Number of protein chains: 2
Amino acid sequence: MGVTKTQVFTEKQNRIADLAKALAHPARIAIIQHLLKEKSCVCGDLVEVLPLAQATVSQHLKELKQIGILHGEINPPRVCYCINETVWQEAKVIFGEIFETEVSVNCCG
Amino acid sequence: MGVTKTQVFTEKQNRIADLAKALAHPARIAIIQHLLKEKSCVCGDLVEVLPLAQATVSQHLKELKQIGILHGEINPPRVCYCINETVWQEAKVIFGEIFETEVSVNCCG
DNA sequence: AATATCAATCGCAATAATACGATTGATATT
DNA sequence: AATATCAATCGTATTATTGCGATTGATATT
């Protein structure tokens with residue numbers, strides 16, 4: 001049915017999946033990397049950096065904003081996008097928790 | 001067009017996005033958590049653990065296998081799924097690299 | 001006031017993902 | 001040989017995602 005059965009999973013499992021989904025596109029990875037590299041906000045020149053149309057970039061930014069990873073400071077007619085440090089920290093912790101689990105015994109060798 | 005323009009991004013950006021996509025569903029998170037918790041392989045009883053039909057679970061396992069996170073040891077008629085430690089380590093490093101980047105200056109406050 | 005600039009949104013087309021019933025293929029079990 | 005068990009795959013329905021041209025709304029600029 002193309003619709004995820006979120007009800008049957010824990011809130012945390014859904015949150016991890018949602019955060020992962022936000023990272024599940026190379027354009028959004030590129031956006032995040034760019035914003036991190038510039039160590040500050042970057043305005044609409046993201047469109048110039050990315051090989052995608054303005055409408056497409058805007059949509060990716062919207063998704064990252066929706067999940068909370070970015071927040072946009074409106075300064076018309078420009079918009080400045082920044083990493084939301086709180087959510088970024090949350091993501092760091094949440095992914096860290098999964099990956100720090102060691103696979104000590106593995107029956108498949 | 002519903003198809004990601006992978007050509008215009010770096011291999012690494014695409015790999016990160018692909019790994020994230022593998023984690024972008026609560027069922028797959030639950031599968032990984034279960035396999036990690038049991039610290040060893042788990043067989044078809046994943047179907048009992050998850051509130052999804054056998055066909056659906058099989059499909060999620062296939063995706064995780066495809067990206068490399070799992071490998072299945074066939075022992076008919078059972079199949080034992082394990083975390084592929086090499087790929088798991090790769091994912092740990094690749095996500096670690098992103099998240100260790102500090103947001104030192106942030107113009108949006 | 002007219003114009004230029006920027007970013008969000010709409011509308012559309014095409015492809016991907018989610019879910020599951022039913023079937024199939026393979027191997028133990030009897 | 002007949003049957004039971006397990007997991008993959010097929011087929012199908014439904015929804016989500018990706019992408020962009022075109023439009024819209026808002027604010028500077030002239």
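**Figure 1. E90(A) and R15(A) pair across chain A.** E90(A) is partly exposed, at a relative accessible area of 29%. Buried here means under 20% relative accessible area, exposed means over 50%, and partly exposed lies in between (1.4 Å probe, protein chains only). R15(A) is also partly exposed, with 23% relative accessibility. The model is predicted: local features need pLDDT of at least 70, side-chain atom pairs count only at pLDDT 80 or more, and totals for chains, interfaces and linings use all residues. Side-chain values use heavy atoms, without hydrogens or water, residues are numbered from 1 along each chain as its sequence is written, and chains are lettered from A and ligands numbered from 1 in the order in which they are written.

The side chains of E90(A) and R15(A) form a salt bridge, 2.8 Å from N to O. E90(A) sits in helix α5 (residues 85-99) of chain A and R15(A) in helix α1 (residues 11-22) of chain A, so the pair ties together parts 75 residues apart in sequence. A salt bridge is a side-chain nitrogen of Lys or Arg within 4 Å of a carboxyl oxygen of Asp or Glu. Helices (H or I, at least four residues) and strands (E, at least two) are DSSP runs, numbered from the N terminus. Over all chains, the whole structure holds six salt bridges. Side chains of opposite charge can pair when their charged atoms come close.

**Figure 2. R15(B) and E90(B) pair in chain B.** The salt bridge between R15(B) and E90(B) has its closest N and O atoms 2.8 Å apart. This pair links distant parts of the chain: R15(B) belongs to helix α1 of chain B and E90(B) to helix α5 of chain B, 75 residues apart. R15(B) is partly exposed, at 24% relative accessible area. E90(B) is partly exposed as well, at 28%.

**Figure 3. K12(B) reaches E97(B).** K12(B) and E97(B) form a salt bridge, with 2.7 Å between the closest N and O atoms. The two residues join distant parts of the chain, 85 residues apart: K12(B) is in helix α1 (residues 11-22) of chain B, and E97(B) is in helix α5 (residues 85-100) of chain B. K12(B) has 40% relative accessibility and counts as partly exposed. E97(B), at 35%, counts as partly exposed too.

**Figure 4. Helices α2 and α4 of chain A pack together.** Helix α2 (residues 26-37) of chain A meets helix α4 (residues 54-67) of chain A at an angle of about 75 degrees, with the axes 10 Å apart. That angle makes α2(A) roughly perpendicular to α4(A). Axes are lines fitted to C-alpha atoms, for helices over the stretch in contact, and angles run from 0 to 180 degrees between N-to-C directions. Angles under 35 degrees count as roughly parallel, over 145 as roughly antiparallel, 65 to 115 as roughly perpendicular, and the rest as oblique.

From α2(A), the contact uses A27(A), R28(A), I31(A) and I32(A); from α4(A), it uses H60(A), L61(A), E63(A) and L64(A). Contact means heavy atoms within 4.5 Å. By class, the contact has five nonpolar, one polar and two charged residues. Ala, Val, Leu, Ile, Met, Phe, Trp, Tyr, Cys and Pro count as nonpolar, Asp, Glu, Lys and Arg as charged, and the others, Gly among them, as polar.

**Figure 5. Two buried residues of chain B.** H34(B) lies in helix α2 (residues 26-37) of chain B. At 13% relative accessibility, H34(B) is buried. Neighbours within four places in sequence aside, H34(B) contacts V42(B), L46(B) and V49(B). I83(B) lies in strand β2 (residues 78-83) of chain B. I83(B) is buried, at 3% relative accessibility. From C-alpha to C-alpha, I83(B) and K12(B) are 22 Å apart in space, and they are 71 residues apart in sequence.
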